[in-house]
Amino acid sequence: MNKTNLLNVVVVIIGAAIIFLGLNIGLGGIKTLGWQSTRDFVAITDAATFHAQDSHIRFIGGVWFAVGAVFVIGGFALRRLRPTLIILSAMITIAGLFRLSGLDTEVLFSAAIAPSLTFELVGFPLLAWWLMASGKRDTQIIKGVQSQ
């Protein structure tokens with residue numbers, strides 16, 4: 001398997017994982033912590049505010065689903081969607097930085113958050129770099145073919 005095919009597969013797998021997470025939050029909402037938990041973990045004291053915030057969380061889950069769909073499509077149309085995938089990777093990294101605003105290292109380095117934070121702050125910048133490097137390889141190949 002060459003580097004480009006491996007990158008395509010990685011992008012599709014990442015997209016599928018993001019789609020799953022988007023469905024998890026978008027369809028599960030706040031009350032059940034998505035599909036991650038079978039127990040309620042929130043006591044609702046203000047129903048109107050809760051339902052408004054739950055709607056916002058479901059919307060964000062839908063956005064996350066759409067981001068995953070772009071990654072999956074990008075795995076099949078890498079040349080066309082490469083710049084978009086690089087931008088989405090940067091956006092995910094920036095969003096990961098926002099986690100740090102909680103200033104609670106016990107939560108950030110917990111088993112519940114640390115793997116996601118690692119992917120956001122290390123994995124997605126590496127993916128963006130890989131996407132950029134593969135674009136340079138494609139450009140060099142295209143220039144080589146055109147000059148022949």
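This is a predicted model: local features need pLDDT of at least 70, side-chain atom pairs count only at pLDDT 80 or more; totals for chains, interfaces and linings use all residues.

Residues are numbered from 1 along each chain as its sequence is written, and side-chain values use heavy atoms, with hydrogens and water left out.

The protein has five helices and zero strands, where helices (H or I, at least four residues) and strands (E, at least two) are DSSP runs numbered from the N terminus. Of its 148 residues, 28% are buried, meaning under 20% relative accessible area with a 1.4 Å probe, protein chains only. Among contacts (heavy atoms within 4.5 Å) with a separation of 6 or more, 62% join residues 24 or more positions apart.

Helix H1 covers residues 3-28; its 26 residues should span 38 Å at 1.5 Å a residue, and its end C-alpha atoms are 37 Å apart, which agrees. The expected span is 1.5 Å times one less than the number of residues. Buried residues of H1 include Leu7, Asn8, Val11, Gly15 and Ile18. An α-helix has 3.6 residues a turn, so residues three or four places apart point the same way. After H1 comes Gly29, with a positive phi near 70°.

Asn8, in H1, has a relative accessible area of 17%.

Helix H3 (residues 78-99) reaches 29 Å from first C-alpha to last, close to the 32 Å expected. H3 has a kink of about 30° centred on Thr84, the bend being the angle between axes fitted to the seven residues ending at a residue and the seven starting there.

Technical notes. Buried means under 20% relative accessible area, exposed over 50%, partly exposed in between (1.4 Å probe, protein chains only).
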